[in-house]
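Trainee: Hi! I'm new to this one, could you walk me through it?
Mentor: Happy to, let's bring it up.

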Amino acid sequence: MNSWIMNTVWLIPATPIVVALLILSLGKTAPGLSAVFAVIGQIAALIMSFVAFFPTLHAHGFRGVENFTWFVFGNQSLRIGFVLDPLAAAMMMMITLVGLCIFVFSIGYMADDKNLSRFFAYLSFFSGAMLGVVIANSLLLLFIFWELVGLASYLLIGFWIERPSAAAAAKKAFITTRVGDMGFFLGILWLYHNSGTLLFYDNGHGCLESAGLAMLGTSATFIALLIFCGAIGKSGQFPLHVWLPDAMEGPTPVSALIHAATMVAAGVFLVARVYPIFSVGAINGVTSSLAVVVWIGVITGLMAALVAVAQSDIKRILAYSTVSQLGLMMVSLGVGGVAAGIMHLLAHGFFKALLFLGAGSVIHALHHEQDIRKMGGLRRAMPVTFATYAIGMMALSGVPFFFSGGWTKEEVLHATSSWPSSHIPHYLMLVGVVLTALYMSRQIIYVFFGNRRAAEEHPHESRHVMTIPLIVLAVCAILLSVVLTPAWPWLESYLTGHAPQFDSRLLFQPMILFSLGLVGTGIALGVWMYHRTGELDPLQRKLPALFRFLENKMWIDEIYDRTIIALGALFAWLSDWMDRYVWDGIVRDVGAIGQLFGKLTTGTDERVINAGVDEGTVGAQGFGRVMSRWHSGQIQPYLGAVALGMLALLLLYAWLG
Amino acid sequence: MTLSTLLVVSATLFCLGLLAALSRRHAIFILIGIEMMLAAANINFIAFWRFGPHTAHPTGVIVAIFAIAIAAAEAAVGLAMVIAVYRHFRTTNVDQFNQLKG
């Protein structure tokens, strides 16, 4: 059974990509059909993922590998392959299920768009590329799909090509992630140089297996950090997080897909996949590369949570919350809680997709209004959206017991508390939890409670095609907590390859109450601060300087503008100047020399050669004229000449002898 | 009679023929001059044979006979050309024949 699954596992990413090509080849003729195709492709991928999920359930720590040679150069062969392990299977289930909900939601959300088929083709392609990242068993194959994910994100963020801001955001996302990918690629090359293989698992010869890891030696730290550069770019970690909030320019389902299932998950997944490289030479589970991961994650998590408090765009708040949660996942991976980080990633995929689609539903109802200060009182007009959004908000805030996010956040905090290096990340993450609860309650109060601020609008609940995905995702966000509890940590055991054990005592720990208190503090603070919805934000009224600092995203974009981009502009200006005056000057001088030479040869030609030829012809003419006189045409002068000639010969003969 | 007498005769005859060919204007007379020069050559052939070391074989006579035969053919061609030219130009005065003038 396992062999045929491994032989056909490539169909999972291939199906959505083929569907995307099919939709593109249909053109604009049948937009409805394109949506049907995309959804069918996603359902097929979901079913296949489900089939592939089964063998990983039976044996704990199951790992199926299918490798083949891509091409041979010299006596080396480049091999790529696919791997199916609990990590890949769980990710595939999440991607296809969340993706399907987003696809269905898009049918309603994008109904009026005239480029519907292009949209679904890109969505399908995006999903397929991400599935490819997940099952790749070679760092090179992973990198290929990784870049395809980047391409798809570029196409989708800039989907509304007629908007200059969308085009700029797409370009920013693409270029910013490229910066990280350069490091990633260097890491791949270094890894290949040292270990001679890019396969992850290859019967003990792969680069993640003990023999391969032993070959890395001390360079493992640098390789790991270079690979982490790619993850920083893709997962929007500080300092390359700037593209992620701007990516909100894309249609809302795209934001949901980028933030929940595909793009940003790739970075966290990458770190989890190549975790053995990070942990080479670990002392007490701490290596310098993992410490970098932790601190980057801490900075990102706290910074994004702070910025989210002062944003007024409903999607930007969610974007910064994603950045913050990704930071949390990175911290979890860095401190050694790989399973906790991936569990948070999976849970986050569901509830963040739910929140984005809920925001999309609100935006759709309000005719593309995204400013939360102009919303309010929507809980009566849109009850389904409100209920599902509240579930998503509580899952994100980390309310324990009933919501998946609570348990996974618990796991992450537990992992950070036991990090031997430092306790500072743990405390900063606790602050992050309070902030998350605070900005989510701020958002939900602004959007759904209070009085209607935009009185002239008549918002109404979205169509079923949009609300049903919301309900499905909300149910998932709750049901997922069943397999996440510490009492029966099925998902954690599944990921780490142990048998789950049931222990009801673990359900109630002092830690849980502590985090419940933290979340409660955050929500209470939010309610206390924002329940009177005045014109000005309370924080803006009390601490205008801080609010301005946070509202402008800590001026990081501006700092980049003044430093890196200004440096680039300066360099561009310098190159332009060099090109215009130095290189062009040289080219012009060379040209002038050529022209001078040309003039010289022209002169020679006209004055010397032409004149010489002219003289020659004149001379020939004159000679001809002279000679033609001899040709009288009369026979007797000729004869006379012959006689004279003969006489001359005779005389010469007589004289010579 | 000695060889030199004969050579003087033939040289005189040749010079007379050459004078005729160069000075006469009538084409027929030019032909006659040419025939005279050929006759002078024939006299030389026979004279050199008659006073040469090998008189047993009549080589000089035979060469002379060949030359006479060739001269006859040449005279035939020349006379035919004169007639053809006369038909064209209605004259035999060679001064008038200057179509080959360069």
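Trainee: How are α4(A) and α5(A) oriented to each other, roughly parallel or roughly antiparallel?
Mentor: Keep in mind that this is a predicted model. Helix α4 (residues 86-109) and helix α5 (residues 116-135) of chain A pack at an angle of about 170°. Angles over 145 degrees count as roughly antiparallel, so α4(A) and α5(A) are roughly antiparallel to each other. Their axes are 9 Å apart.

Trainee: Which residues make the contact?
Mentor: On α4(A), they include A:Met91, A:Ile95 and A:Phe103. On α5(A), A:Phe119, A:Leu123 and A:Leu131 are among them.

Trainee: And what is that contact like by class?
Mentor: The contact of α4(A) with α5(A) has 11 nonpolar and 3 polar residues, with no charged ones.

Trainee: Okay, zooming out. How many helices and strands does chain A have?
Mentor: Chain A has 27 helices and 2 strands. Its radius of gyration is 37 Å, whereas the globule rule gives 26 Å for 657 residues, so chain A is more spread out than a compact globule. The C-alpha atoms fill a box of roughly 150 × 65 × 50 Å along the principal axes.

Trainee: What share of the residues in chain A is buried?
Mentor: Buried residues make up 49% of the 657.

Trainee: New topic: how many residues of chain B are in contact with chain A?
Mentor: 11 residues of chain B are in contact with 10 residues of chain A. The chain B side divides into 6 nonpolar, 3 polar and 2 charged residues.

Key. Residues are numbered from 1 along each chain as its sequence is written. Chains are lettered from A and ligands numbered from 1 in the order in which they are written. This is a predicted model: local features need pLDDT of at least 70, side-chain atom pairs count only at pLDDT 80 or more; totals for chains, interfaces and linings use all residues. Axes are lines fitted to C-alpha atoms, for helices over the stretch in contact, and angles run from 0 to 180 degrees between N-to-C directions. Helices (H or I, at least four residues) and strands (E, at least two) are DSSP runs, numbered from the N terminus. Angles under 35 degrees count as roughly parallel, over 145 as roughly antiparallel, 65 to 115 as roughly perpendicular and the rest as oblique. Two residues are in contact if their C-beta atoms, placed from the backbone, lie within 7 Å. Ala, Val, Leu, Ile, Met, Phe, Trp, Tyr, Cys and Pro count as nonpolar, Asp, Glu, Lys and Arg as charged, and the others, Gly among them, as polar. The radius of gyration is taken over C-alpha atoms; the globule rule is 2.2 Å times the number of residues to the power 0.38. A residue is buried if 20 or more other C-beta atoms lie within 10 Å of its own, exposed if 12 or fewer, and partly exposed in between; C-beta atoms are placed from the backbone.
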